[in-house]
Amino acid sequence: MASEREVSRMIKQGFLSSDPTLSFNLPSSTTPPRMKMVSNNGRSNRSLNNLSPPYTTTPVYPENQTQTLFQIMSEEPSHQSKISKIMKEFEDLNCYGRGDVRLTVIGKDGHAQISMDVHKRVLLEKSGFFRDSLKGRDQGVVVQSVEISDCDDVEVYLETLVLMYSHDLKRRLMDEDVSKVLAFLKVSADIMFETGIVSCLECLEAMPWSEDEEEKIVTQLGQLQLCDLAAEVLQRVSSEPSTSTSANDIFLRLLSGVMQAKDDKARREMRTLISRFFRENSSDHGNRLDVSKDSLYSLCYRCLSSLTLCLSEATGIDDCRVDRGVLMAQVAQEAENMRWIVDILIDRKIGDEFVKLWADQKELALLHSRIPTMYRHEISKITAQLCIAIGRGHILVPKDCRFSLLSTWLEALYEDFAWMTRSCRSVDKKLVEDGLSQTILTLPLLQQQTILLTWFDRFLSKGDDCPNIQKAFEVWWRRAFIRQHAAEQDNSHLQITVCDHPN
């Protein structure tokens, strides 16, 4: 009953039409919304200056279906509440008296229709769309009504029209969220409401955005093609190449900062974050981000120099001195930095040159052999890392380079293997063994034989303290002594016949 009394009150006050069967059927049209004007030359039997309701709403129903006004109000209380709020704002802002144009806003397929009395002077002053459409209609013609059809959101169109009466649009928009401001911007662009466009853009430029909102903003500004007007908004997400620092310089600075970090926890967190940046960039082939190969290798050379210097100093320090422990901590950090950069090189498929670089470190390998295992095993992880990558096919280098790598560092890997796998949870023993096996098996057969026979003697002496590459040993044995005889036989049944054909 309360709802019925509310409906009755709104009808009496003129806010709703008492005819529940009003409808408006539109033919299909294209966006942007189109405007239709119904005019008279003084012959109309009714003028808008008569006492007409300030606004009306006319829902449209499917064919062969009718509803009572009470059913309408029961099903759309939220819609009516929003319309009442919009009209209340219009009444507060309107200082021109009763409107002289009945403006009707119609939704897509005519599913919603709202009419209100507005002022022609405001439409002409604020909207280029209305200026162009109403041009030349002042001479003896009284515009009775204007219809804007095919609107995406009738309420937003209505609100945007009400915004034309606001004297402080920016302040008015401060209460709205990003989605609503974007909706106002779209309508303002449709009807060429210049002040509305500028105010919406100023508001968007100053508002905080979520990542989802950022995507919507960039997409809509691109669709609206506002060009220079939207430039300041888009500066938040893009910059001119001439004024932006190159990604290479920024990444080099970030990488260097992490490698020199003093706080272990912060260094681990930032290393993980930057590694994720690299992976995201490598997976997006259209990304403009690029970090030069030279920059990454310059960091490798820096680490190598630091490692060589630290090990040189460590060999000259008495085992009892505290300084040695500090120095070895630096060795561990530099080795960890090196493995991080090598991971990036492997992910970017540019790690081949590092294999040769690491294989050439004869001096570093010699210094490594003079340092106690507990201090130096971090360096052997680099060799294990390369063997895993080669064994998986992530690094492709010539056989001479592969053999040189093992010639320089395999003995050190053997010596450090037990300490490396038992003291470090991050080291997967089986993964290292498989990577080493596969790397050895990529070599020529005689080189496989040399390495694996040496391993055989060592494994018998050291047992679990030596990597177990028995599978590689078996493969070599079958290649060398079982399959070789079969390979010498001519099992080819291919026959080639040559014959001459007359020209």
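Residues are numbered from 1 along each chain as its sequence is written, and side-chain values use heavy atoms, with hydrogens and water left out. As the model is predicted, local features need pLDDT of at least 70 and side-chain atom pairs count only at pLDDT 80 or more, while totals for chains, interfaces and linings use all residues.

I begin with Thr408, which lies in helix H19, residues 399-423 (helices are DSSP runs of H or I, at least four residues, numbered from the N terminus). Beyond its neighbours within four places in sequence, Thr408 is in contact (heavy atoms within 4.5 Å) with Trp358, Ala359, Gln361, Lys362 and Ala365. Trp358 is 50 residues from Thr408 in sequence, yet their C-alpha atoms are 8.6 Å apart in space. With Lys362, the side chain of Thr408 forms a polar contact of 2.6 Å; the term denotes a pair of N or O atoms within 3.5 Å, one able to donate a hydrogen and the other to accept it, and residues adjacent in sequence count only if both atoms are side-chain atoms.

Not counting residues up to four places away in sequence, Arg458 touches Glu411, Tyr414, Glu415, Gly463 and Cys466.

Finally, Phe481 is found in helix H22, residues 470-488.

Terms used. Helices (H or I, at least four residues) and strands (E, at least two) are DSSP runs, numbered from the N terminus.
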